[in-house]
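Have the structure open as you read.

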Amino acid sequence: MNTLSRLLVVACLALPFTACKKEEAPKVEAVAAVPVPMSSEQKDWKPYLEYKLTPHMAGITNSPYVYFLPKPDSEDFAGKYERQVEKLQQDLGRGITEGNMLVFASPAPEKEVEMIETAFKDVGSGTMKNVKVVFIGTPILGERVRAAVEPAGVNYIFEEAK
């Protein structure tokens, strides 16, 4: 009986040490790159946009405003373009507040930039502080977008389409 009591005491003393493990560092999984979609379908662009936008979501309190134009040869492209310009102008006219993100991506990047330049020319200087504007495209077009949006006071983010 004495031996049994000693074994129980030893087991009770050893239990806390065996139950403790060193905290393992969280494993960071590498995110596989998502290629630029070749289609004009917005649904095909969703995974790509999620891949590109996830690193920039810190401080964003609402769902991003996404402005997307299909390829210029798609049906009723001119109408879609006009509706997007009108929607962007209305959104900017109402005011985009801190903690929001505007995203511009398209298989028609030239027209997308034209839309941005058109809509942002009427935005007051410094009226969009702490609003993120993300443009996904080429570096040359990215500089045109920067020139159009920075006077509004936004946090401009360029993501190269690749």
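## A lysine on the inside

This is a predicted model. Setting aside neighbours within four places in sequence, K132 is in contact with H56, M57, A58, I60, N100, M101, L102, N155 and I157. K132 sits in strand β3.

So what about its charge? K132 is buried but has no salt bridge, and the nearest side chain of opposite charge, E159, is 10 Å away. What the K132 side chain does have is backbone oxygens: that of H56 lies 2.7 Å from one of its polar atoms, and that of A58 is reached at 2.7 Å.

## Two cores

The largest nonpolar core has 28 residues. L92, L102, F104, F120, M128 and V149 are the ones with the most contacts inside it. At least two residues each come from α3 (77-94), β2 (101-105), α4 (109-120), β3 (132-137) and α5 (139-149).

Apart from this core lies another, of 12 residues, with Y48, L49, F68 and I157 among them.

## Rings

There are four aromatic pairs. One of them is W45 with Y48: the ring centres are 5.7 Å apart and the planes at 90 degrees, so this pair is edge-to-face. W45 and Y48 are three residues apart in helix α2 (residues 42-53), about one helical turn. W45 is buried at 3% relative accessible area, and Y48 at 0%.

Y67 and F104 are stacked instead, 5.1 Å centre to centre with 15 degrees between the planes. This pair links distant parts of the chain, Y67 in strand β1 (residues 65-68) and F104 in strand β2, 37 residues apart. W45, Y48 and F68 form one aromatic cluster.

Definitions and conventions: Residues numbered from 1 in each chain as written. Predicted model: local features only at pLDDT ≥ 70, side-chain atom pairs only at ≥ 80, totals over all residues. Heavy atoms only, no water. Core = buried A, V, L, I, M, F, W, Y, C linked by side-chain atoms within 4.5 Å. Buried < 20%, exposed > 50% of the residue type's maximum accessible area, 1.4 Å probe, protein only. Helix = DSSP H or I, 4+ residues; strand = E, 2+ residues; numbered from the N terminus. Lys, Arg positive; Asp, Glu negative; His and termini not counted. Salt bridge = Lys/Arg side-chain N within 4 Å of Asp/Glu carboxyl O. Polar contact = N/O pair within 3.5 Å; in protein donor to acceptor, adjacent residues only side chain to side chain. Contact = heavy atoms within 4.5 Å. Phe/Tyr/Trp six-rings, centres within 6.5 Å; stacked < 30°, edge-to-face > 60°.
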